Amino acid sequence: MNPIKVELAERLGSVEEYYFSKKLREIDEMRAAGREIINLGIGSPDQPPHPEVVATLAAEAAKPGNHGYQPYKGAAVLRNAFAAWYRDRYGVTLDPVSEILPLIGSKEGIMHVCMTYLNKGDKVLVPNPGYPTYRSAATIAGGVCVDYKLREANGWMPDFDEIERQGMQGVKMMIVNYPHMPTGAIPQEGLFQKLVDFAKKHNILLLHDNPYSFLRNPRPASLLAADGAMDVAIELNSLSKSHSMAGWRIGMIGAAKQRIDEIIRFKSNMDSGMFYPMQAAAAKALSLGDDWYRSINKLYGSREAKAYEILNQIGCSYDAGQAGLFVWGRLPEDAGDCYEFSDKILNGCGVFLTPGGIFGSEGNRYVRISLCATEELLQRSIDKIKTLL
């Protein structure tokens, strides 16, 4: 074959392949060569959804009339379920007709929002450390990313004075994420109101990514509950983590009607509605009672203890009050570069820990461990690491 030479679009010039996409290939190659590799890097829940959710999917998929195209704004059954979930769990009232937009995963929503609002050269405040997709989505959309640094000494909260000192000229949007990934920081009291007030002061759009609020977090909260939030904010949410439905790709946007109408102008040109049986099953998931949340948090709580044992073993310091699907630890001073340290553990004992530097320069002295592994695998990791250190 002699494929023709075609230049890549300029928009991909500073965007690389996702770190985990490359690392998983490396791990697959090591396994193919006969190595036992325990992957503690990816936050993909290893437990199935609630049995009633799966039963609803099967029952709806068996109906001959449920296989056609669906509305771009999602089926009423799912929008109503999201509205009830926000009302009952967050104390936030959203109109299911005009203020909720179902998504094929909230990661898609980040791109939709960036493509809807960013022109070439518009500045976007992105957290450092933070989810790498924030930066790539803003860059692909033509935006210019401006880091705002989150530091352990400040509880991983934004320093608004520092952000203002570095300049707000040309800033159009700020991306935030609490409970925070990768650090697990829970939003401090009053933070969401401060963010809304900051956005109003500078006339910027606030994008809050909120997929971790029900995991190892005693106080689930929505930024949309803050006074005036609907004037400036868009919130993304997802069933991937909270309901063990990562592969289902079901998320949502909550925002004012004007924002939803604007985003659908882009989204409706990119995809069609989700498969109806999945929407009906997602609605069932959203209706689950407290027992569901207690059960998954009991599971992750037991794994958390093992993950902290790993951090202790490799000499990390950490905050024991983290939320979400991961634990985050600061490497000892003599550990060297986080990438070198991660590779040392991977190559030396067959356990992959995520180097914190992939989330930004402020993560360079840290590693992250996923709780999406059984206690047995976590214990096996502890035993394997003991042979190296």
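Before you start selecting: residues are numbered from 1 along each chain as its sequence is written, and side-chain values use heavy atoms, with hydrogens and water left out. Because the model is predicted, local features need pLDDT of at least 70 and side-chain atom pairs count only at pLDDT 80 or more, while totals for chains, interfaces and linings use all residues.

**Stop 1: α10 and its partners**

Select residues 276-286, helix α10, and then residues 51-61, helix α2. Helices here are DSSP runs (H or I, at least four residues) and strands are E runs of at least two, numbered from the N terminus. The two axes come within 8 Å and cross at roughly 150°; axes are lines fitted to C-alpha atoms, for helices over the stretch in contact, and angles run from 0 to 180 degrees between N-to-C directions. α2 and α10 are therefore roughly antiparallel to each other (angles under 35 degrees count as roughly parallel, over 145 as roughly antiparallel, 65 to 115 as roughly perpendicular and the rest as oblique).

To see the contact (heavy atoms within 4.5 Å), show E52, V53, T56, L57, E60 and A61 of α2 with Y276, P277, M278, A280, A281, K284 and A285 of α10. By class, that gives nine nonpolar, one polar and three charged residues. Ala, Val, Leu, Ile, Met, Phe, Trp, Tyr, Cys and Pro count as nonpolar, Asp, Glu, Lys and Arg as charged, and the others, Gly among them, as polar.

On the α3 side pick V77, L78, A81, F82 and W85, which meet Y276, Q279, A280, A282, A283 and L286 in α10. This contact has ten nonpolar residues, one polar and no charged.

**Stop 2: α4 against α9**

Now select residues 106-117 (α4) and 257-267 (α9), which pack at about 100° with their axes 9 Å apart. They are therefore roughly perpendicular to each other. E108, H112, V113, M115, T116 and Y117 in α4 meet R259, E262, I263, F266 and K267 in α9, a set of five nonpolar, two polar and four charged residues.

**Stop 3: two cavities**

A cavity is a set of points, on a 1 Å grid over the protein atoms alone, where a 1.4 Å probe fits but cannot get out; lining residues have an atom within 4 Å of a point. Grid points are joined across faces, edges and corners, and a volume is the space filled by probe spheres set on the points. The count comes to two cavities of 30 Å³ or more.

The largest cavity holds about 50 Å³. Select its lining: P71, Y72, K73, G74, P102, L103, I104, K267, S272, G273, M274 and Q279.

The second largest cavity holds about 40 Å³, and P179, H180, M181, P182, G184, Y212, A323, G324, L325 and F326 line it. Its lining has seven nonpolar, three polar and no charged residues.

**Stop 4: backbone details**

Stay with M181 and P182, which are joined by a cis peptide bond with omega about 20°. P182 lies in the loop between β5 (171-176) and α7 (191-202).

Next, go to N128 and P129, where the peptide bond is cis with omega near 5°. P129 sits in the loop between β3 (123-128) and α5 (132-140).

Finish at N203, a residue other than glycine with a positive phi near 55°; N203 lies in the loop between α7 and β6 (205-209).

How values were computed: 1 Å grid on protein atoms, 1.4 Å probe; cavity = no way out; pocket = protein on both sides within 12 Å on 5 of 7 lines; lining within 4 Å.
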